[in-house]
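Please read it alongside the sequence and structure shown below.

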Amino acid sequence: MRKSEGIYGESTVYAFYKCFLTPQLRPVSCRTVSSIFCNFFLRQHIAAFLPGRIPVSKADHEIDGKIPFTPSWITIYIDFTQFWIRMLSFYLRRYGRKAYKIIADFIKSIGDLYAYAAEVYTKNFSTTKRPFYIARARFLLIHLVDPHLMCIPSLHVMVVIHTYKQFIAAAKELGVEEKYKDQIEVMKQGALAISRAILFVKQHSVNCVPTALYAMTCFSPEHFPPKEAEEFINLLFSPASDAKEKVSGALPEVFPRVHPAASPKIKISDEDQEIIKKHIMSLYRSFLSQRDASKPWYDPLLEFLKKLPKI
């Protein structure tokens, strides 16, 4: 079977085909789909139709006003699910049975990640002000399927970081980290781009990013320790203008106009970028400082949500 040039050339259809028809992968794939459906879609829609059972906090911050609503970033935003599914295809095409355990463990971890974030959602929902913009069909789809009640922590940020770090872990386990250094850089840029996109399409607040980073440090401390999180924050508004040289032309072609390295110009002044990053860094460090190993990991997030205005 033909192998694509890079991870952004991978087929998500192939990944679905392999994961649901391969006996070793089918059970864990079904469980993960169930976790995603129950912990994200079902919980939100039940809350939307039966409001009042769980408090809903307003996650907005005044700094959000420094980030312009930029509809063209929707292409990157909706790539969130394909971002992790393409990883399945990438390793399955190249390593087949040798990668089955790695892929099964990764699929399971995605389901676990949704359940992990739901430990917050089941106790306190959160939302933000998002423009009712439906000039593009993709925005209309988002408004139809997403009640927008699970902003803290941001699963978008959690999943793309987890995928990027697990892509590296898989390469190490297979002994091909050096071989795929270009693809690792592409994955890192993709994770950063999607994390920027959630802010530019106003699906999340600046408050949602540090909560997700904190959640990831708790969920996977060996892969996403504080040092990694702080580096991620520092790079958040720094798209790699020279990424073509860094990754030897392996940039994703899925975004003809808005890919991680050549996305729409970031219309935020350097001063405002620093203000945003400082806020995210401060909040992330605050959550870490409040964490008590004898208590649930999510306690600092619930305390934060309790202090926010309610709807």
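Helix H2 gives the most to the nonpolar patch, namely five residues. Helices, here H or I runs of at least four residues, and strands, E runs of at least two, are taken from DSSP and numbered from the N terminus. This is a predicted model, in which local features need pLDDT of at least 70 and side-chain atom pairs count only at pLDDT 80 or more, while totals for chains, interfaces and linings use all residues. Residues are numbered from 1 along each chain as its sequence is written, and side-chain values use heavy atoms, with hydrogens and water left out.

The patch lies on the surface and has about 1,200 Å² of accessible area together; among its members are Phe37, Phe41, Leu42, Phe132 and Val145. At least two of the patch residues come from each of helix H2 (26-49) and helix H6 (137-145). Patches of this kind are built from residues with over 30% relative accessible area and no salt bridge, nonpolar side chains (Val, Leu, Ile, Met, Phe, Trp, Tyr) being joined within 5 Å and like charges within 9 Å. Areas are computed by the Shrake-Rupley method with a 1.4 Å probe, and for residues only the protein chains shown count as cover. Another patch member, Ile134, sits in the loop between strand S2 (125-127) and H6. Ile134 is partly exposed because its relative accessibility is 40%; that class falls between buried (under 20% relative accessible area) and exposed (over 50%), with a 1.4 Å probe and protein chains only.

Turning to charged pairs, the count is 12 salt bridges, each defined as a side-chain nitrogen of Lys or Arg within 4 Å of a carboxyl oxygen of Asp or Glu. Three of these pairs are listed here.

| Salt bridge | Closest N and O atoms |
|---|---|
| Asp272 and Lys66 | 3.3 Å |
| Glu178 and Lys181 | 3.4 Å |

Asp272 is buried at 19% relative accessibility, whereas Lys66 is partly exposed at 30%.

Lys306 and Glu303 are three residues apart in helix H13 (residues 299-307), so about one helical turn separates them. Lys306 is exposed at 54% relative accessibility, and Glu303 is partly exposed at 37%. In the remaining tabulated pair, Glu178 is exposed at 57% and Lys181 partly exposed at 48%.

Salt bridges also link Glu10, Arg93 and Arg94 in a network.
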